[in-house]
Amino acid sequence: MSSLYLNLSSSYNPPRHLISRTTFRCSNERQALFGRIAPVYDNLNDLLSLGQHRIWKRMAVSWTGVLDLCCGSGDLAFLLSQKVGSNGKVTGLDFAREQLLVASSRQQMLSRDFYKNIEWVEGDATNLPFSDCYFDAITMGYGLRNVVDKHKAMQEMFRVLRPGAKASVLDFNKSTQPFIVSFQEWMIDNVVVPVASGYGLTKEYEYLKSSIREFLTGKELEELAMEAGFTTARYYEIGGGIMGNLVATR
């Protein structure tokens with residue numbers, strides 16, 4: 001996939017990746033899906049999580065400190081922008097051009113200086129357009145679950161991180177606890193999909209449940225990171241076990 005660099009300035013920080021990158025087998029279909037939902041992505045994330053996804057994202061940022069993979073409409077990138085300050089630089093990468101256009105338009109909405117340090121890049125998480133040891137930290141919110149080749153994506157994160165740097169990967173938790181699994185699926189069937197249907201996005205959100213089923217458990221994510229070369233990897237269950245965050249050190 002070719003890289004499109006969108007260099008625009010200033011913005012703000014609301015919501016983003018509560019949904020998922022669905023379990024279609026073709027990455028082009030996933031790319032098209034996230035293009036379709038881009039206009040209502042933020043509103044749905046706020047509504048479906050009752051605003052909790054903002055807290056989960058702030059937790060992810062607090063563990064690392066600057067590449068945001070699968071950045072969507074930019075929530076984590078905006079948080080990182082505030083964290084690194086005017087002397088730092090943040091890159092938000094996503095494969096969906098429509099999501100990047102939403103992110104860049106949000107960036108232009110406000111005139112805060114620290115949002116000027118964000119660059120938006122269209123690219124593939126399994127083939128990053130950056131040199132080795134390029135970034136001080138990486139965040140990835142609700143993206144790894146829907147990358148077709150998760151091992152390759154983890155290897156790429158390892159490659160572009162500097163020695164001693166960390167990657168923080170936030171996503172839905174594939175729990176091994178029957179109660180949590182049942183509650184997750186009940187919420188998707190009875191809350192998420194019905195709300196999404198009001199936006200004409202029933203099919204796009206029906207795949208959320210299967211994408212979680214096909215995802216990796218926390219233990220498996222730790223093993224994936226170690227296999228990719230990370231020296232340490234620890235998985236934290238958050239949100240009552242509904243969500244999880246992997247923190248891996250290169």
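Which hand does the crossing of helix 7 and helix 8 have? I looked this up before anything else.

I am working with a predicted model, where local features need pLDDT of at least 70, side-chain atom pairs count only at pLDDT 80 or more, and totals for chains, interfaces and linings use all residues. Numbering starts from 1 along each chain as its sequence is written, and side-chain values use heavy atoms, with hydrogens and water left out.

**Helix 7 and helix 8**

The crossing of helix 7 and helix 8 is right-handed. By the convention I used, right-handed means that the near helix is turned clockwise from the far one by less than a right angle, and left-handed means anticlockwise.

Two packed helices are described by the angle between their axes and the distance between the axes. I looked up both for this pair. Helix 7 covers residues 178-197 and helix 8 covers residues 202-213; their axes come within 8 Å and cross at roughly 160°. That makes helix 7 roughly antiparallel to helix 8. The axes are lines fitted to C-alpha atoms, for helices over the stretch in contact, with angles from 0 to 180 degrees between N-to-C directions. Angles under 35 degrees count as roughly parallel, over 145 as roughly antiparallel, 65 to 115 as roughly perpendicular, and the rest as oblique.

Next I listed the contacts (heavy atoms within 4.5 Å). From helix 7, the residues are Gln-184, Glu-185, Ile-188, Asp-189, Val-192, Val-193, Ala-196 and Ser-197. They meet Thr-202, Tyr-205, Glu-206, Leu-208, Lys-209, Ile-212 and Arg-213 in helix 8. By class, this contact holds seven nonpolar, three polar and five charged residues. For the classes, I counted Ala, Val, Leu, Ile, Met, Phe, Trp, Tyr, Cys and Pro as nonpolar, Asp, Glu, Lys and Arg as charged, and the others, Gly among them, as polar.

I then picked out Asp-189, which lies in helix 7. Asp-189 is partly exposed, at 41% relative accessibility. My scale is relative accessible area: buried is under 20%, exposed over 50%, partly exposed in between (1.4 Å probe, protein chains only). Leaving aside neighbours within four places in sequence, Asp-189 touches Pro-194 and Lys-209. The C-alpha atoms of Asp-189 and Leu-208 are separated by 9.7 Å, and the two residues are 19 apart along the chain.

**Helix 6 and helix 9**

How do the axes of helix 6 and helix 9 cross? The axes of helix 6 (residues 150-160) and helix 9 (residues 218-228) come within 9 Å, at a crossing angle of roughly 55°. The two helices are therefore oblique to each other. Their crossing is right-handed. On the helix 6 side I found Lys-150, His-151, Met-154, Gln-155 and Phe-158. On the helix 9 side I found Leu-224, Ala-225, Glu-227 and Ala-228. The contact has five nonpolar, two polar and two charged residues.

**Cysteines and positive phi**

How many disulfides does a search of the whole structure find? It finds zero disulfides (a disulfide being a pair of cysteine sulfur atoms within 2.5 Å). I checked Cys-70: its closest cysteine sulfur is in Cys-71, 8.1 Å away, which is too far for a bond. Cys-71 is buried, with 0% relative accessible area. Cys-70 is also buried, at 8%.

Cys-70 sits in the loop between strand 2 (67-69) and helix 4. I noted its phi near 55°, a positive value in a residue other than glycine. Tyr-142 also has phi near 55°, again positive and not in glycine. Tyr-142 lies in the loop between strand 5 (135-141) and helix 6. It is buried, at 0% relative accessibility.

**The loop between helix 4 and strand 3**

Lys-89 lies in the loop between helix 4 (75-84) and strand 3 (90-94). Is Lys-89 buried or partly exposed? I found Lys-89 partly exposed, at 47%. Beyond neighbours within four places in sequence, Lys-89 contacts Val-66, Val-84, Asn-117, Glu-119 and Tyr-134. Lys-116 is 27 residues from Lys-89 in sequence, and 8.8 Å away from C-alpha to C-alpha.

Asn-87 is in the loop between helix 4 and strand 3. Asn-87 is exposed, at 80% relative accessibility. Asn-87 and Asn-117 are 30 residues apart along the chain, with 8.1 Å between their C-alpha atoms.

Key. Helix = DSSP H or I, 4+ residues; strand = E, 2+ residues; numbered from the N terminus.
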